Amino acid sequence: MKKGKKRLIIGAGAVVVVAAGSIAVLGQRSQQGQVLPQVEVVEAVRGDVQQTVEASGTVVSEEEKTYFSPANAKVEDVSFQEGDVVKAGTKLVEFNLKDLQREEKKASLNLESGQLDMKNTLNKSDKAVQKQKDAQGNVAVLKQKVQDQKNYVASLKAQLSQVTADAQARAAQEAARQAAEAQAAQIAQQQEIQRQYAEAMTAYENETLPAYQQKLNELNIQSNQALSTYNQAENTYQMAFQAWTADPSDVNSAALSQAEAQRSEAQIALQNAQTAYEDYKNQQPAPPQLSDFSSGSAGGEFVSDGTDASANTSGAGGTAAAVSVDTSQIEAALEQASSDLAELQSELASEEAVADTDPAAVTEEEKEKMQITNNLSELDQMSAQELVEAAKKGISADFNGVVSGVSVVEGATVTQGMELFTLQNTDRVDVNVNVSKYDYDKIEENQKAEISLAGETYEGTVKNISHIAAQNEKGASQISVKVKFDHPDENVFLGVDAKVTIQAKKAEDIIVLPAEVVNIGKEGSFCYVLEDGVIARRNVTTGLSSDEYTEIVSGIEEGENVIRDLGTLQEGMQAQAAGGTDSETGEDA
């Protein structure tokens, strides 16, 4: 990056150089007769300081547009090559319409097919609804027949029950005796179960549960130890990371890697310990249940009322076996009546299924959905028509520009949305330059600039200043600046290098001194002046600076003389200003 050239524009006054050399060998004598050394001085005057910043950059387009294929079609004609300059409105790509017209016909047939499907579905729905209405009418008749048949079956069962009632009464006494014996056996068995349950509960409380709790405590201690180890590893890693951040040396990098590995190992160990603890915690042994001791016991299964179920069953069976009355006719009639009832119930169930089942009638929402589907097909047909129209138009340039990024060739088949080429606007052109950190604060948007390109000079304007610095290949920070061509012409080529001179900040009607007479120390800027014939240091406040001149905000007044170069002299020594010639009049100063 070239350092910007500055120029001083003098207003009412002019810079006065009072001597040609740094120090004259001979000068006036002091009161003691000594020859005083002469120093060259320069007068502080009022004028204007204009800063300029010079930089080099690349010419780029401010606007570009990438064109995509509007349809799936074959490319009929491509009237450009990459790098061609085209005018706005120029037809660049033309398409073959054969395939698009075929897709348009296909969309039309899809629409017709959807309309026919909707009509067929509605017809089937109407038939299913009518079938359900017929079934609902049959259900009422069949329900009455089923009820009548149930009443007949019930009367037959009542007759059969009355015939067998006497025989069952005779067997009741025997059944009661057997039940008493079963109840006594049940009580004895329940007492044995209670004893076994008490022994199991004692073993659970004295052995099983304490052993489980001890093991759980051990796993908890291991988990806490693993957590402590992980916390230490995490602290070690954070300290290593901070050290590496401050100094990314190989030693700190290796320490960071080792700390990270130890932290990972500690984290895995912590996860394993916590998992083991939680898994074992969920395995707490359940206390024995009384029900665990009731199965498989002698005497058969016990029922809730304290009687033996097997005894009741055998007693009832014995009673039935003891009945000797002839019930064959009643049983035959009951069997036939039950069969007829089953057939009626089956028929009723079938009709109820039809009456209650959704007849798959088309709802209003489904009708609307089918209509929407047809509407979408209609839109597809319209889209196909629009694609045909778009393909008829082809692709034309939206502005004057240069073609780049060409990926389309004549005769190829492209798909809708496929990238074809890019057009870069040649009426809106910028130069992208990078400005050093020492100059970017001098630049503002809308400042004027001169752009040198291929022996031509163009007027430009600072358009944009990036607020994010980037580093160049040498690691120096730079700010990206865009300078716009005010009036680009056909001689401006994209991608080439251009030199830019930016008319940066300007200070007008200020006190200025040559830059070389202003010194910079630890405590700020200062100059050397003659005060009563003695060299004195004068602290100054500076403003805008250039390579040649510096604005003096305070410390030096207009018209004061400032020593240009002390040479071998020092502060506090006596000296006198050397004679010279006024820069404007040519007379002796």
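Analyst: A term to begin with: two strands pair if DSSP finds at least two bridges between them. Helices (H or I, at least four residues) and strands (E, at least two) are DSSP runs, numbered from the N terminus. This is a predicted model, where local features need pLDDT of at least 70, side-chain atom pairs count only at pLDDT 80 or more, and totals for chains, interfaces and linings use all residues. Residues are numbered from 1 along each chain as its sequence is written, and side-chain values use heavy atoms, with hydrogens and water left out.

User: OK, which residue in β13 is the bridge partner of Thr-66?
Analyst: Thr-422 is the partner. The two strands, β6 and β13 (residues 419-425), are antiparallel and share five bridges.

User: What's the strand order in that open sheet?
Analyst: The order is β6-β13-β11-β8, four strands with antiparallel pairing. β6 (64-68) and β8 (85-86) are at the edges with a single partner strand each, so one side of each has no neighbour in the sheet.

User: And how many helices and strands are in the chain?
Analyst: The chain has five helices and 26 strands.

User: Tell me about helix α4. How far does it reach?
Analyst: Helix α4 covers residues 328-356, 29 residues, and spans 41 Å from first C-alpha to last. That is close to the expected 42 Å, where the expected span is 1.5 Å times one less than the number of residues.

User: Which α4 residues are buried?
Analyst: Among them are Ile-330, Leu-334, Ala-337, Leu-341, Leu-344 and Leu-348. Buried means under 20% relative accessible area, exposed over 50%, and partly exposed in between (1.4 Å probe, protein chains only). An α-helix has 3.6 residues a turn, so residues three or four places apart point the same way.

User: What share of the whole chain is buried?
Analyst: Of its 589 residues, 32% count as buried.

User: Switching topic: what is the phi of Ala-454?
Analyst: It is near 50 degrees, a positive value in a residue that is not glycine. Most residues other than glycine have a negative phi.

User: Where is Ala-454 found?
Analyst: Ala-454 sits in the loop between β15 (448-453) and β16 (456-465), and it is exposed, with a relative accessible area of 72%.

User: And Asp-532, where does it lie?
Analyst: Asp-532 is in the loop between β21 (524-531) and β22 (534-539). Its phi is also positive, about 55 degrees, and Asp-532 is exposed at 83% relative accessible area.
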